Amino acid sequence: MRFRSLAAFPLLYAVLFIAIAAFAWSLQGGVALASFTFSQRILVRVLATVGCFAAVSCFERGDHLRSAWLWLGGGTIVILIRDLLRLFPGFAPQGGDPKAQIVVTALGILSNLALLAGIWMLSRSWKMAAITLPGGRSGFGVVAVATAVIALTVTGPGAYTHLQELARGDWSSLVLVVSAVVDIITLCLITPLLLTAISLRGSLVAWPWGLVTASQLAWLLYDIAASLRPGLLPAGLPLPEVFRGLAENYLFAAGMAQYFVIHQVRRAAGAPVAPGALGPAVE
Amino acid sequence: MSLSQQLAARLAPYIGDFNAQMWIKSVARRELGLAPEDLTVRHLTPLIDGLRPFLQTLMGRSTAENLLQQIGREVH
């Protein structure tokens, strides 16, 4: 029941977000909507951070998944700091302070790399844990190619445009290039995450994997929504923000699910073991 | 119920029935050179040692150790 509630939470949040966004738009138009979407962006980043560090808290130093969740939590904190800095005039997207813009760009790149490291570590767990993925090598190959094609189709054109801007000397595009490349790699990593979740389906451990996969799929939807032509969507429907919220909330749910899974196993297994009795770390 | 079936039944709620059977089969072959159906209680310790790294990856060392000790007590 607890895990089903966690899985349902991001969807309920998205419905509520759309309703409030439409209400804000009908009252005061773009200003109220922008203010609302910014505050909800901060809220979902905070929730994602809480989820990641809840997951970190149930592992010990040297545990593979602790490192993975630590990278994800660290990356989320950095992007949260960047978003908060944007409240200050110099750090705003159109701000005139070049040093402030460098800080914002550096934080964006750092965050992307940290999140990639976390997803990379999660995505290689199936191999370390000898999980048998469904479909064998050929199944993995088919899903991997399909995911790579989708990732390139969605983020490739944007990455190429930002690369051209960077080549013309627009250094503010650097973070967008890095972000696009990281997006492509991260989206490709959906394959092992998804197949791990499918392989573990029906088991307790499957929950965090399924919810992390849902988070990555929501980022894919975010990229699709963000690449749509302006004016294609109703003005009162900030679809990219809906999917951003969905992605961050699924990360929150995944972190909390990881926390509850470990505590449930511990309860089922009896008293905790003294640290000195443990064997060597897997890593 | 054979040892491999007992172990698989205890691991299945956590990692799924299929993965539990594959883990036991893989460890039995690699560590002991045996088929799962040939495993007996005297093979329990090397089996649990062989399962440990897999479980540690998914649950961390402390939780994996707790669970393996619990399973070891139950199938004795």
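Me: A residue is buried if 20 or more other C-beta atoms, placed from the backbone, lie within 10 Å of its own C-beta, exposed if 12 or fewer do, and partly exposed in between; which residues of α2(A) are buried?

Reply: This is a predicted model, in which local features need pLDDT of at least 70 and side-chain atom pairs count only at pLDDT 80 or more, while totals for chains, interfaces and linings use all residues. Residues are numbered from 1 along each chain as its sequence is written, and chains are lettered from A and ligands numbered from 1 in the order in which they are written. In α2(A), the buried residues are L33(A), Q40(A), V44(A), R45(A), L47(A), A48(A), T49(A), G51(A), C52(A), A55(A) and V56(A), and they pack against α1, α3 (64-85) and α10 of chain A. Helices here are DSSP runs of H or I with at least four residues, strands are E runs of at least two, and both are numbered from the N terminus.

Me: Why is V212(A) called buried?

Reply: V212(A) has 30 C-beta neighbours inside 10 Å and therefore counts as buried. This residue lies in helix α9 of chain A and, leaving out residues up to four places away in sequence, touches L122(A), L193(A) and A254(A); a contact means that two C-beta atoms, placed from the backbone, lie within 7 Å.

Me: Where does α1(A) bend, and what follows within four residues?

Reply: The bend, defined as the angle between axes fitted to the seven residues ending at a position and the seven starting there, is about 30° at A8(A), and the proline P10(A) follows within four residues. P10(A) is also one of the buried residues of α1(A), along with L6(A), Y13(A), F17(A), A21(A) and A24(A). Their cover includes α2 (30-57), α9 (206-226) and α10 of chain A. After the helix comes G29(A), whose phi is positive, near 70°.

Me: What makes a set of residues a nonpolar core, and which members of the largest one touch the most others?

Reply: Such a core is a set of buried Ala, Val, Leu, Ile, Met, Phe, Trp, Tyr and Cys residues joined through C-beta atoms within 7 Å. The largest has 92 residues, of which L211(A) and Y250(A) touch the most other members. Helix α10 (residues 239-269) of chain A gives the largest share of this core, 16 residues. Beyond its neighbours within four places in sequence, Y250(A) is in contact with P10(A), L211(A), A214(A), S215(A) and A218(A).

Me: Why is chain B called as compact as a globular protein of its length?

Reply: Chain B has 4 helices and 0 strands. The globule rule, 2.2 Å times the number of residues to the power 0.38, is compared with a radius of gyration taken over C-alpha atoms; for 76 residues the rule gives 11 Å and chain B has 11 Å, so it is as compact as a globular protein of that length. Buried residues make up 46% of chain B.

Me: How many residues does each chain bring to the contact between them?

Reply: Chain B brings 25 residues and chain A brings 31. On the chain B side, α4(B) supplies the largest share, 8 residues.
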